[in-house]
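Hi,

Here is the model I promised to pass on. My notes follow below it.

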Amino acid sequence: MEALTVNEVTKRYTNHLALDQVSLSIPEQSIFGLLGPNGAGKTTLIRIINQIINADSGTISIFGETLDTKHIGTIGYLPEERGLYKKLKVGEQLIYLARLKGLSRSDASEKCKAWIKKFEITEWWSKKVEDLSKGMAQKVQFISTVLHEPRLIILDEPFSGFDPVNAQLITREILELKNKGCTIIFSTHRMETVEDLCDHIALIDNSKKILEGSKKQVKETYRSNTFRVETKGGFKLSLAGYELLDQQPLEDSYYNSIIKINDGSSPNKLIRDLTEITEVHSFVEKVPTMSEIFISLVKGGKK
Amino acid sequence: MNKVLLIIQREFLNRVQKKSFLIATILLPLIFPAIMAVLVYISVQHKKNATKEVVYFVDDSGFFSPDTSRFIFRRFNGNIDDAKNAFQYDDASYGLLYIPSLELSSPRGITLYTNVSPGPNEVGSMERILEDQIRELKMIKFNIDKKVLDSLNTNVSIQNVNLAGGEEKTSDSNVLFGVGMACGIMMYMFIFIYGAQIMQGIIEEKTSKVVEVIISSVKSFQLMMGKIVGLASVGLLQFLIWIVLITTLSSIVLGYFGLEMPQQQMMNEMSPQSPAMQNPQTLELLNTMSQIPFAYVIFNFLFYFLGGYLLYGALFAAVGSAVDSPAEAQQFMFPITIPMLIAYFGLFTFILDDPHGTISIWLSIIPFTSPIAMMGRIAFGVPDWQLALSMVSLIAGFMLTTWVAGRIYRVGILMHGTKINYKVMAKWFMMKG
């Protein structure tokens, strides 16, 4: 079953189209990367999923049901613009936010204490948020996002403001949540996060979805049949079927070359041909990184 | 538990648990009377201790006989020009009074020379001294016996009895004026203070960005109403405490002076031995006070506070949601303030002077001005149909402003760094879900 299906959602503001017939399907128990440049419409889409604003047209279903106010407790949302009540104590704050999501007082209190203990921040319980550091407040906010055990968690730029230690802690929590059956939507610019964590991605640019699929699938689509070859000594490639895109000297007369294989040839044939003319030390397919795919697509769209 | 109730509860506890709430609630009813008492005390002391000013006079008419009750008059021997010259270099004396030779029937040309501009009080008392002396001279001239004249002076004070409702109620328009003024001013202050708090709270929520988390859990309208109602309940609690506090305090104070509480006075026989009871004016005042239906006034005050607060609170909420900082909010508060100011000035210009005039009636029915205007009128007695019409239109009024505010609020709280003007707000208002 799909955790979330977005079907031809359109949202128009007075002066511009924020979302233009965007459709997505997010598999259950996946980590889904929602990518796109600033102003592409990601936040609008997330707000529509959170029922903060309504779409002009299109439908959304969550775990097979049409999205409704009763699903508020099903979703946990960490907005990009973090914020908590500054004057409220950590414990009170977490319980209040959880109760707004529909938990009973005792339930909220119990879960809250468990998380506080897990994050080893028990001594913060009766501290006011304004007395916490930014990183500490982020932890509290992360707890508030997952406290009510949502099945769908939406994290907008989750790692901004975290030091590497805390980022790792949060990463571990996210993976644990996924293993417990949660579906997680990441909205982020940080491609290394996408590379490391996401199984599925969608790219939104200029209000339209321009790419969607599993990470492997996407990479498959955007592989360009280029290979990185490390050789001893430089060489010139004048054989038909190949194209030498780049050649850079490394240390000790080693060279790094990027070769594109045109149609009608194969990697094996290239290796054979190369061994004739030089000493090959390594030969790997140059798989595009998510960052490269992102940049090429977004730039392409702008042209 | 209903989420709106949860927000109301949170908002209520947030405010009530603060020390500032406790301090304001306990001190405010004490501060105002204390300030008044201090000012009155100072002015009484000042008058008592004031040294009499020395005034030199040149009397060419020969009628003036110095009176020493208010000034120390000293005759200057010489003509007025010499006197003026001498006076210019004299810092010890207050003024130089010149009375030219004059006709008693039309005394003209009396002049007071001073080195500083005199206050109206000084000039007034000097005029009175002269008037009294001239009158006495005239009486002698016309052969009128002073006793006859005194017997002509009669002191009339009209006792006002209101027959409405079939029972006789004595009333004193001065007391009613005072009650109306106090109620009107308090209403103005409270609507402002609480309205500004609503705005403050919403700006805080918006700038701390917590609002996006909250409205992913509740509808923005629920959040807005929760906040408004939560603060209203704080206001009601505060009033309740004040009423209890003031009633207790005034019974203690009145008890100290040997008086009964006005409310209790009707039931209890007054003790004729107490010294204040022998003063007919005090008696009359207390009698009037006892005629004012305090429960009725308080009930209406609470109703109009709630209604007016909800009406203006919604508007303040809309402004708070649109702006990014309190400074930015100033320009949008002005138009909200205008109807309040109209009611406030109307209170002093029409309503208290003529509580049953057309303008007063309309001001107390139009929902934007009615909370203040009606409180000005309420003690004078308002026909039931006017009160009912006013209440219904106030309810309709706050439903309207709440609806308008809700539409601006839902868009405004998510907008950051937008340049706001009325056109933008109108656009938000029109925007569909």
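Six bridges join strand β11 (residues 226-232) of chain A to strand β14 (residues 279-285) of chain A, and the two run antiparallel. Strands here are DSSP runs of E, at least two residues long, and helices are runs of H or I, at least four residues long, numbered from the N terminus. Two strands pair if DSSP finds at least two bridges between them. In β14(A), F227(A) has E285(A) as its bridge partner.

This is a predicted model: local features need pLDDT of at least 70, side-chain atom pairs count only at pLDDT 80 or more, and totals for chains, interfaces and linings use all residues. Residues are numbered from 1 along each chain as its sequence is written, while chains are lettered from A and ligands numbered from 1 in the order in which they are written.

β11(A) is also joined to strand β13 (residues 254-261) of chain A, by seven bridges, again antiparallel. There, R228(A) is partnered by I258(A).

F227(A), V229(A) and T231(A) form the covered face. T226(A), R228(A), E230(A) and K232(A) form the uncovered one. In a regular strand the side chains alternate between the two faces of the sheet.

**Chain A overall**

Chain A has nine helices and 14 strands. Its C-alpha trace spans about 75 × 45 × 35 Å along the principal axes.

**The A-B contact**

Chain B puts in 15 residues and chain A 20. Contact means C-beta atoms, placed from the backbone, within 7 Å. On the chain B side, α7(B) gives the most, with five residues.

Best wishes

Technical notes
A residue is buried if 20 or more other C-beta atoms lie within 10 Å of its own, exposed if 12 or fewer, and partly exposed in between; C-beta atoms are placed from the backbone. Two residues are in contact if their C-beta atoms, placed from the backbone, lie within 7 Å.
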